[in-house]
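Hello,

Here is the structure I promised to pass on to you.

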Amino acid sequence: MSEADYTGHWDEKFRTRAWGRYPPEDLVRFMGRNWRDADKAAVKVLEAGCGPGANLWFMHREGFAVHGIDVSPAAIGIARDRIAHENAGIPAPAPDLRVGNFSRLPWPDAHFDVAVDIFALYANTTDVIRATLAEIARVLKPGALFYSKLWGTGCTGYGTGRQLEPGTYDDIPEGPCKGMGVSHFFTREEIAPMFGAWFDAKAIDTVQRTDGAANQRIEEFHCQFTRAAR
């Protein structure tokens, strides 16, 4: 899929689906535990693949200096409008939201205190995932935190559709990645080595549940990393 096709794919999704209104509870806990007593306006947060801004909306309301990037102009437009209208008067720095490819981030080295990926990295082949991890590491300060949510191979839909490489499929007919295009399903064993060139793992937690009246299995990895100094 070309970059233009990829942009069109996600534009169509964000224009036609009513999703992404609220952040996941685990992200709320992560931000609260780490910056409960911080000067939030001084904490620069990057969300890679921010979509229509549910997480940025929440973090901006909390007072963080939020930055986001997404390949979809439609998603960035929705995020900008929502933050402008619903967070008017919030004492937080103005959000910095950009349209672009997160494997080529438009911010300088060591710029951010924390980065967030909520089911965005997975929607790529592993070479793009690794390029994006290198970019996220580049723009994070040494010791900064990175929170990432990834789909696991225990999800309904894993192993179906058209295989592009080990663990990566397209045209998936069922499960949480149905209709999402390119999707990489992670094993727990591959996460630390894949991220390890740039990050040290603090926690890799596994969540397994059912969804859709128990008609599909869900496996998620909730990962916390620190930007390695090496």
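Two strands count as paired if DSSP finds at least two bridges between them. Strands (E, at least two residues) and helices (H or I, at least four) are DSSP runs, numbered from the N terminus. This is a predicted model, in which local features need pLDDT of at least 70 and side-chain atom pairs count only at pLDDT 80 or more, while totals for chains, interfaces and linings use all residues. Residues are numbered from 1 along each chain as its sequence is written, and side-chain values use heavy atoms, with hydrogens and water left out.

Three strands form an open sheet in the order 6-7-8, with antiparallel pairing. Its edges are strand 6 (162-165) and strand 8 (183-184), each of which pairs on one side only. Strand 7 (residues 168-170) is joined to strand 8 by two bridges, and these strands run antiparallel. Thr168 has His184 in strand 8 as its bridge partner.

Next, the cysteines. With a disulfide taken as a pair of cysteine sulfur atoms within 2.5 Å, the count is zero. Cys155 is in no disulfide, as the nearest cysteine sulfur, in Cys177, is 6.1 Å away. The sulfur of Cys223 is 13 Å from the closest cysteine sulfur, that of Cys155, which is too far for a bond. Buried here means under 20% relative accessible area, exposed over 50% and partly exposed in between (1.4 Å probe, protein chains only). Cys155 is buried at 1%, and Cys223 is buried at 0%.

Now the rings. Those of Phe, Tyr and Trp (its six-membered ring) pair if their centres lie within 6.5 Å; planes under 30 degrees apart are stacked, over 60 edge-to-face, and the rest tilted. That rule gives 15 aromatic pairs. One of them is tilted: Phe146 and Phe199 have ring centres 5.1 Å apart and planes at 40°. This pair links distant parts of the chain, with Phe146 in strand 5 (residues 140-151) and Phe199 in strand 9 (residues 199-211), 53 residues apart. Phe146 is buried at 0% relative accessible area, and Phe199 is buried at 3%.

Tyr169 and Phe185 make an edge-to-face pair, with centres 6.3 Å apart and planes at 65°. Tyr169 lies in strand 7 and Phe185 in the loop between strand 8 and helix 6 (188-195), so the pair ties together parts 16 residues apart in sequence. Both Tyr169 and Phe185 are buried. Phe30, Trp35, Phe64 and Tyr147 form one aromatic cluster.

Best wishes
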